[in-house]
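Trainee: Could we go through this chain together, step by step, so that I learn how to read a model of this kind?

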Amino acid sequence: WPLRPGGEQKNGRVEIKDLSPEIFGEMLEYIYTGRSPNLERLANSLLSAADKYQLERLKLMCEEALCSNLTVENAADTLILADLHSAEHLKEMCINFINSHVSEVMDTPGWTVLCSHSHLLAEAFKALAAIQAPHMSMLMPPNKKRKKLG
């Protein structure tokens, strides 16, 4: 936890400046009970906290909540969040969602932000190409004779 050297010894307090009191309270609730009553509403911020403080089960719970609530409006931002916190399942779900709703997602403010993350666009395009490849091969006429390279 980010501590000021010696600061906690002087006044008996530990300052955690990178979490809001609400997120910290929700994280403590999870640590003590294994539950997160406000998970659906706080999943974005809790994912960041769970990743930072290595609470893997909470991180997975956040990923599932975010996967369940993907929309055209939040898909691009959620993909960036998933990439930032190495949430691979969430990242895959976002890419699949975006590829299924690409024209609608492209009309959102999140898409503009996503465009500055070229590696994510490349991953999404690669996934889309993999989906399209089987369909494209059916459109091409079969070759009667294949030329041998060499």
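Trainee: Which kinds of elements does the chain have, and how many of each?
Mentor: Keep in mind from the outset that this is a predicted model. Reading from the N terminus on, the elements run α-α-α-α-α-α-α-α-α. The chain therefore contains, by the DSSP runs used here, nine helices and zero strands.

Trainee: What percentage of the residues in the chain is buried?
Mentor: A residue counts as buried when its relative accessible area is under 20%. The accessible surface of the chain comes to about 10300 Å², and 57% of that belongs to carbon and sulfur atoms. Among the 150 residues of the chain, the buried ones make up 33%.

Trainee: Which residues make the contact of H2 with H3, and into what kinds do they divide?
Mentor: On the H2 side the contact is made by Glu 22, Ile 23, Glu 26 and Met 27, while H3 brings Leu 39, Arg 41, Leu 42, Ser 45, Leu 46 and Ala 49. Sorted by kind, the residues of this contact divide into six nonpolar, one polar and three charged.

Trainee: Where is Ser 36, and is it buried or exposed?
Mentor: Ser 36 has its place in the loop between H2 and H3. Leaving aside residues up to four places away in sequence, Ser 36 touches Glu 26, Leu 46, Leu 58 and Met 61. Its relative accessible area is 10%, so Ser 36 is buried.

Trainee: Which residues does Leu 58 touch, not counting residues up to four places away in sequence?
Mentor: With residues up to four places away in sequence not counted, Leu 58 touches Met 27, Tyr 30, Ser 36, Leu 39, Leu 46 and Ala 50.

Trainee: What is phi of Gln 54 near?
Mentor: Gln 54 is found in the loop between H3 and helix H4 (56–68), and Gln 54 is exposed, with a relative accessible area of 63%. Most residues other than glycine have a negative phi. In Gln 54, however, phi is positive, near 55 degrees.

Trainee: In the loop between H5 and H6, is His 85 buried or exposed?
Mentor: His 85 is found in that loop, and, not counting residues up to four places away in sequence, His 85 touches Leu 47, Ser 48, Asp 51 and Lys 59. Ser 86 is found in the loop between helix H5 (75–84) and helix H6 (88–100), and Ser 86 counts as partly exposed at 48% relative accessibility. His 85 has a relative accessibility of 10%, and therefore counts as buried.

Definitions and conventions: Residues are numbered from 1 along each chain as its sequence is written. This is a predicted model: local features need pLDDT of at least 70, side-chain atom pairs count only at pLDDT 80 or more; totals for chains, interfaces and linings use all residues. Side-chain values use heavy atoms; hydrogens and water are left out. Contact means heavy atoms within 4.5 Å. Helices (H or I, at least four residues) and strands (E, at least two) are DSSP runs, numbered from the N terminus. Ala, Val, Leu, Ile, Met, Phe, Trp, Tyr, Cys and Pro count as nonpolar, Asp, Glu, Lys and Arg as charged, and the others, Gly among them, as polar. Buried means under 20% relative accessible area, exposed over 50%, partly exposed in between (1.4 Å probe, protein chains only). Accessible areas come from the Shrake-Rupley method with a 1.4 Å probe; for residues, only the protein chains shown count as cover.
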